[in-house]
Amino acid sequence: MSRLLAISDIHINHVANQEAVASLGNYRDDWLILAGDIGNGPDDLRTCLESLSPRFAQIVWAPGNHDLWTLPADRERGEPVGVARYEQLVSLCRRFGVLTPEDPFATWTDGSDSAIVAPLFTLYDYSFRPRSVAAGDALQWAADAGIVCADEHFLSSAPFPTLPDWCHQRIRYSEQRLDEVTPTDGQQLVLVNHYPLVEQLVRLPRIPRFSLWCGTLRTSQWHTQYDVDAVVYGHLHIRSSDIVDGVRFEEVSFGYPNQRRSGRTIDSYLVQIKPNPVPADRCKGAS
Ligand SMILES: [Fe+2]
Ligand SMILES: [Fe+2]
């Protein structure tokens, strides 16, 4: 019987994580959601998909910021940046039959239960900040606490002038696609995005001002505006399960090697999204 499983932030540019991915079991009846930050660019994504695509019935991918990076060595080689980098990653996914935010939404089913799986790509616009901080002061507000995301050096928005401009184009595109969904037979959506859709889930006690790079207020109603069963995301590297307005939110990060307890297999980090409801020991019930 098929299941819908999820993981994100496997960052296989770290050797221990690449070894973990290689050790993953076979799940040939199941679908796998990869919610971004597979590695630092197309070479890492290709390595991951070569390893994982034979082991699952279907993979669904949403990009993370690290996937979109163009590092200095990449730029010297003339590799694509910004939107062109994203399109390069989408093409790579399609070569492996992996579904992306540019493909029609697909329906997962186990025969009795089903869901429309919607991979998204929304980026951020620095709007996750105190209302007392003006938009134009946001980056300085974070810098005052010593916080500057590496995206500011490695994530290009080209040809958009700024990342918020690209973000807002992605919001319009995503809403248009979600508006067109017509679920049948009680089917609901599973939204897949690298970034949390709601600000209240950005809980970063050690680096609170990193919130700037974690999403946009423009997605804050999507889980109620659309008929959503669950939202799958990553980026925070802090695994959690929450219920917000009656909707299940799952942060499914694998994370960096030093962020995990030793002795746990990568298989144990796969989060089952469907068909089961929230496991009681994971759900905190935020609101
Ligand atoms: Fe990450
Ligand atoms: Fe990320």
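Modeller: Helix α2 (residues 42–52) packs against helix α5 (residues 83–95) at an angle of about 15°, and their axes are 10 Å apart. Axes are lines fitted to C-alpha atoms over the stretch in contact, with angles from 0 to 180 degrees between N-to-C directions. Helices are DSSP runs (H or I, at least four residues), strands likewise (E, at least two), numbered from the N terminus. This is a predicted model: local features need pLDDT of at least 70, side-chain atom pairs pLDDT 80 or more, and totals for chains, interfaces and linings use all residues. Residues are numbered from 1 along each chain, ligands from 1 in the order written, and side-chain values use heavy atoms without hydrogens or water.

Biologist: Which residues in α2 and α5 meet?

Modeller: P42, L45, R46 and L49 of α2 meet residues of α5 including R85, L89 and L92. Contact means heavy atoms within 4.5 Å.

Biologist: Switching to metal. What coordinates the iron ion (ligand 2)?

Modeller: D37 (OD), N65 (OD1), H194 (NE2) and H235 (ND1), at 2.1 to 2.3 Å. Donors are N, O and S atoms within 2.8 Å of the metal (3.2 Å for Na, K and Ca); water is not among the atoms, so sites may look incomplete.

Biologist: And which residue bridges ligand 2 and ligand 1?

Modeller: D37 bridges the two iron ions, which lie 3.6 Å apart.

Biologist: Are H194 and H235 buried or exposed?

Modeller: H194 is buried, at 0% relative accessibility. H235 is buried too, at 7%. Buried means under 20% relative accessible area, exposed over 50%, partly exposed in between (1.4 Å probe, protein chains only).
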